[in-house]
Amino acid sequence: MSAGDVGALLIALREGVEMALVVGIVLAYLAQTGTLRAARWVWAGVGSAALVSLGFLSVLNALDAEFEGATEQLFEGVTMILAAAFLTWMILWMWRNSRYLKAELHRGVETALAEGGAAWGLFFLVFFAVVREGVELALLLFAAPGEGKLIGTIAGLLIAIGIGVLIYAFGRRVDLRTFFRVTSALLILFAAGLVAHAAHEFAEAGVLAAVEGPKLWSTRAALPDDAGLGSVLRALFGYQDEPTVVELVTYAGYFVVVWLLWRSGVARRVTPDPVARTHPAA
């Protein structure tokens, strides 16, 4: 596996588990209520969401192939910033509301079954839940540094599917709370790396050239960022063997922004809050 595959595996595993949870919760509830015959609409929603996500990734790759020079660097920098923003929003939302996911989905299934268009209701319920994660996965995979991400992506999704099967098909208990805590911490570091990479791209394009500053130090002789462990750390956490001032400032500044969002209460206002509408799932 390449360094890009390692980062892709982490991203695909996290996003894949969230998608597997959505599908598993809906299917399990259909089985409990004796309406499993409607499962084909769930799978139709999953398949449609997968096609939309693949299409979105194809568009990103096609656009990137059309750009050259500074325009390409600006495009990649913007996608990195967008990916970091979506990733941060997702992490903040999961920190606050993950325990309400099951109840929210149950409520959505009940609404779909109670209304006349149960089939399309289930389809859109699953489609919108999965396509959100799928489009985010596509954006993150595109923005992530490194080459050769296919193997890591497939491996991460297969592991995520395996986790979903263990939970909902075989009734195995999986410590998802610890899983989400660990992966959230890793993805926060990953997002910080994306922001620093974006600053580098903007500096290369000339937008931040005036404030780029000198290289602060060099660890290239001991740990180059384009080979071995250094390339893995670069793909995962934004490691640079010769960081500039703007890269270091944006990397550290990202953590300050996330802390302020959480501590100031802004995160509670920019992420949906289902608490007022439902109660935690048992």
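I started with two helices: H1 (residues 3-32) and H2 (residues 39-66) pack at an angle of about 170°, with axes 10 Å apart. Because of that angle, H1 is roughly antiparallel to H2. Helices are DSSP runs of H or I with at least four residues, strands are E runs of at least two, and both are numbered from the N terminus.

Before going on, I noted that this is a predicted model, where local features need pLDDT of at least 70 and side-chain atom pairs count only at pLDDT 80 or more, while totals for chains, interfaces and linings use all residues. Residues are numbered from 1 along each chain as its sequence is written, and side-chain values use heavy atoms, leaving out hydrogens and water.

Next I checked who touches whom, with contact meaning heavy atoms within 4.5 Å. From H1, Val 23, Val 26, Leu 27 and Leu 30 meet Ala 39, Val 42, Trp 43 and Val 46 of H2. That contact has eight nonpolar residues, no polar and no charged. (Nonpolar covers Ala, Val, Leu, Ile, Met, Phe, Trp, Tyr, Cys and Pro; charged covers Asp, Glu, Lys and Arg; the others, Gly among them, are polar.)

Then I looked at H1 with helix H4 (residues 101-114): their axes come within 10 Å and cross at roughly 50°. So H1 is oblique to H4. On the H1 side, the contact is made by Val 22, Ile 25, Val 26, Tyr 29 and Leu 30, and the H4 residues include Lys 102, His 106 and Glu 110. I got nine nonpolar, one polar and two charged residues there.

My last stop was Leu 236, which is found in helix H8 (residues 228-237). Is Leu 236 buried or exposed? Its relative accessible area is 11%, so Leu 236 is buried (under 20% is buried, over 50% exposed, in between partly exposed, using a 1.4 Å probe and protein chains only). Leaving aside neighbours within four places in sequence, Leu 236 contacts Val 6, Gly 7, Leu 10, Leu 189 and Phe 190.

Zooming out, I found 10 helices and zero strands. Of the 282 residues, 45% count as buried.

Methods
Axes are lines fitted to C-alpha atoms, for helices over the stretch in contact, and angles run from 0 to 180 degrees between N-to-C directions. Angles under 35 degrees count as roughly parallel, over 145 as roughly antiparallel, 65 to 115 as roughly perpendicular and the rest as oblique.
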